[in-house]
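Subject: Structure handover

Hi,

Here is the structure for you to look over. My notes follow below it.

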Amino acid sequence: MAIRNVINFDDPLFRKKSKEVKKFDERLWILLDDMKDTLAKVGGYGCAAVHVGVLRRVVVVNDKSGVIELVNPEITKESTETELVMEGSISAGAPRGYVKRPSKVTVSAVDRHGNPINVIGEGFLAATYCHEIDHLDGILFTDKLAGEKI
């Protein structure tokens, strides 16, 4: 597939809300494949479509079994236990900092064909799901910092 350009952290596109995916076609599949290739190239943990300049509710996340594609994801359950997680971004110009996130989350989404899926993340993976899904609503991790930017 292709490696796309990742927009800078200060790009105003990050503050916009992404649109729900309604068509599960080749255009979506190319976007997902390109996002996975881009994520692999930059060595990140997660990528929302907005990172590559596309305002669609799509994220890809690395976990121990490979890259998970989540279309129209929503966090449907989260633990009351939290932890501070060091976060950053694949976008140039991003600071780093600690964010308080749930220790465990359940995410409901659909796959590239529109079939329902649920994934559970714990620890850093839970934080990654939260981080990327926040992007879909125009929320940056820096909005939730538990201390100073690093």
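Start with Arg112: it is buried, with a relative accessible area of 15%. (Buried means under 20% relative accessible area, exposed over 50%, partly exposed in between, with a 1.4 Å probe and protein chains only.) Asp33 is buried too, at 18%. The side chains of Arg112 and Asp33 meet in a salt bridge, 2.7 Å from N to O. (A salt bridge is a side-chain nitrogen of Lys or Arg within 4 Å of a carboxyl oxygen of Asp or Glu.) This pair links distant parts of the chain, 79 residues apart: Arg112 sits in the loop between β6 (104-110) and β7 (116-122), Asp33 in helix α1 (residues 26-42). (Helices, H or I of at least four residues, and strands, E of at least two, are DSSP runs numbered from the N terminus.)

Some background: this is a predicted model, where local features need pLDDT of at least 70, side-chain atom pairs count only at pLDDT 80 or more, and totals for chains, interfaces and linings use all residues. Residues are numbered from 1 along each chain as its sequence is written, and side-chain values use heavy atoms, leaving out hydrogens and water.

The whole structure holds eleven salt bridges. One of them joins Arg57 and Asp137, with the closest N and O atoms 3.1 Å apart. Arg57 lies in the loop between β1 and β2, and Asp137 in the segment after α2 (124-135), 80 residues apart. Arg57 is buried at 13%. Asp137 is partly exposed at 32%.

Best wishes
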